[in-house]
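Try each task before reading its solution.

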Amino acid sequence: MTRKRSVVVAGGGIGGLAAAAGMAARGLDVTVVERTGRIGARGSGLVLYPNGVRAIDALSARLGARIRDVGHVTRRDEVRIVMEADGTVLAEEQVGTSTAALGAPQIPVLRTALHRALLDEALSAGAAVRLATAVTGYITGPDQVTAVLSDGHTIDCDALIGADGIHSAVRAQMLDDGPPHYRGYTSVRGRTDGSALGARGHVVNGRGIQLFVAPVGGDTLYWTAKITAPPGVWPARGADGARAALLEAMDGWYPPVVDLVREAVPEDIVVTDIHDRDPVDGWVDGRVALLGDAAHPMVPALGQGANMALEDALVLAEALASAAEVPDALADYARERTPRAGAVVLASRRQGSLDQGADRAAEERRNAHVRSAGRKDVALTDVLGWRPRAREAERPAGPAAPMTPLRPKKGPFAMPAPHIVLISGSLRRGSTCDRVADWCAERCAEQGASARVFTGSEIDFPAYRPGLGASHAAVAGFLDELRAADGVVLVSPTYHATVSGLLKNALDYVNDLDGPVPYLEGRPIGTVAVGAAAQGAVSTLTTLRTIGHALRGWPTPVGVAVDRVPAADAPGEEPAPDAARLVQMVSQVVWLGGARAAERKTVLGAVA
């Protein structure tokens with residue numbers, strides 16, 4: 001009789017329980033080790049987006065049916081209202097039709113209900129759960145790994161999965177990369193019954209505060225307020241003090257929204273500072289792998305933390321249920337998950353910075369963006385199209401395909417140096433666009449990337465016609481650089497709130513890269529709008545993003561608007577906001593370009 005493959009899962013959160021349920025259902029011997037004395041979750045609710053729902057359905061049809069029963073399945077005609085703090089409506093997001101087009105619903109659900117469903121599914125599938133115990137470390141061996149527990153005991157197993165959250169002990173031993181990074185805002189979360197807002201989602205934008213509201217069944221709404229603040233201040237107030245402070249900060253807001261917070265169930269209020277980590281490739285150490293927040297903690301701006309953990313759980317369960325040796329199976333899991341997870345971490349971070357509207361100018365930019373785009377988080381549409389990969393029923397045992405070397409346990413991880421192409425859309429030599437492009441190229445170089453800037457005068461080609469690259473040396477050189485590029489940054493002036501015609505015409509030549517259809521497949525595309533008008537910048541960035549989609553690029557790190565070249569910072573000084581946003585965008589392009597240079601398939605999941 002063949003011995004079952006044994007797996008210890010450190011952590012009984014959403015990702016850990018989902019992985020346990022999936023692995024146990026596929027015939028593995030699974031033990032979940034949870035540090036708390038009971039499995040459950042406070043903190044109101046979350047939204048399962050179509051990608052997370054697909055992962056749940058693939059883990060277990062029974063689990064998918066139960067989630068639909070305990071959550072609020074978004075109706076096809078449902079909208080979410082995005083408004084200013086005083087109640088002025090900025091947009092009505094068609095959340096029903098936008099997710100229905102993806103073939104799976106959007107389901108807001110209470111965390112307690114989701115946890116209970118996952119726990120029941122894991123236990124029904126045969127997983128064991130050990131409470132009031134933590135995995136504090138591990139000892140690796142050639143044929144097994146030993147999980148070291150907080151009670152002094154150990155468990156020998158074939159694989160150890162670190163699903164122990166953002167402060168993961170498993171990650172600390174594997175990567176030794178220090179604490180997570182505070183992202184400048186905190187959250188106060190709760191649930192309220194019988195609100196005058198009704199069973200409809202809302203996003204309310206205040207200065208330095210954004211409130212997200214979603215129905216979770218019956219007359220219950222869950223809500224999350226994200227508040228710009230120094231670290232530690234709001235958690236120190238406790239639940240009651242934080243709610244009182246939030247109500248004070250909401251003075252003058254739309255009354256039903258204020259009442260939503262005032263009438264919340266007291267015992268369900270949770271206060272948490274928001275952190276994330278920079279993406280890394282080193283999720284695996286032999287027979288040990290990371291999952292969920294232990295692998296890729298992210299800010300909640302796109303609501304993808306739980307959804308990404310569910311995706312991880314499915315991919316991991318199928319990898320370990322295959323015939324591959326455990327280290328190879330875990331390497332396959334990491335190879336599939338790290339590029340996508342890193343991209344969503346960065347997209348969430350960018351959206352979170354935009355959402356907060358921490359000062360008057362940032363508030364105006366955010367609200368203008370919503371009015372123009374018609375929704376809060378345009379970047380989310382790139383994420384939701386993920387689908388479980390079709391896999392062979394049984395894989396023959398044998399060596400795995402070569403994989404990019406993993407990050408060492410200590411020290412920086414060196415991906416191949418990416419090549420970044422920056423394109424300025426201004427015809428005037430030495431223009432602000434040209435100088436911004438040069439500034440971004442310098443930041444690329446500082447991060448170890450090679451960079452090539454094309455100024456407007458260089459891309460002022462004759463009128464486009466197919467095949468021009470064969471007879472025009474400048475066009476051929478431009479196309480060669482784009483072929484070699486691992487990432488692209490587009491810098492356009494805000495000409496009458498539209499994208500530079502010069503830039504658009506030059507990008508038409510990308511049609512010649514590989515035939516009659518446009519290909520920038522897999523390349524991250526950053527965008528910069530240069531101009532003083534906020535509304536014009538929003539329109540320009542939206543158009544640039546559309547171009548990125550049309551070119552089949554990967555337009556995730558987008559949306560920086562500046563009106564001048566950032567000034568040099570004095571030693572020890574924090575960078576100015578414009579400079580910080582540009583550096584963040586450049587860092588995203590360089591990191592994602594590095595992943596592409598490592599021959600990874602960096603696609604967020606949207607169906608081409």
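The exercises below use a predicted model.

**Exercise 1.** Find which residues of helix 3 (residues 61-70) are buried, and decide how they are arranged around the helix axis.

*Solution.* 
1. Apply the cut-off: buried means under 20% relative accessible area, exposed over 50%.
2. Leu63, Gly64 and Ile67 are the buried residues of helix 3.
3. Look down the axis of helix 3: its buried residues fall within an arc of 100°, so they line one face.
4. An α-helix has 3.6 residues a turn, so residues three or four places apart point the same way.
5. Now turn to the other side of helix 3, where Ala61, Arg62 and Asp69 are exposed.
6. The cover over the buried residues includes strand 3 (45-48), helix 2 (50-59), strand 6 (107-110) and helix 5 (111-125).

**Exercise 2.** Identify which residue caps the N-terminal end of helix 3.

*Solution.* 
1. The cap is serine 60.
2. Check the distance: a side-chain oxygen of serine 60 lies 3.3 Å from the backbone nitrogen of arginine 62.

**Exercise 3.** Describe how strand 4 (residues 80-84) and strand 5 (residues 89-93) pair.

*Solution.* 
1. The two strands run antiparallel, paired over four bridges.
2. Arginine 80 has glutamate 93 of strand 5 as its bridge partner.
3. Four residues lie between the strands of this hairpin, and glycine 87 there takes a positive phi near 100°.

**Exercise 4.** Trace leucine 316 in the largest nonpolar core.

*Solution.* 
1. This core has 93 residues; Leu316 is among those that touch the most other members.
2. Helix 10 (residues 305-320) gives the largest share, 10 residues.
3. Beyond four places in sequence, leucine 316 contacts Ala19, Met23, Ile161, Leu291, Leu330 and Tyr333.

Conventions
Residues numbered from 1 in each chain as written. Predicted model: local features only at pLDDT ≥ 70, side-chain atom pairs only at ≥ 80, totals over all residues. Heavy atoms only, no water. Core = buried A, V, L, I, M, F, W, Y, C linked by side-chain atoms within 4.5 Å. Buried < 20%, exposed > 50% of the residue type's maximum accessible area, 1.4 Å probe, protein only. Contact = heavy atoms within 4.5 Å. Arc of directions from axis to C-beta. Polar contact = N/O pair within 3.5 Å; in protein donor to acceptor, adjacent residues only side chain to side chain. Pairing = 2+ DSSP bridges.
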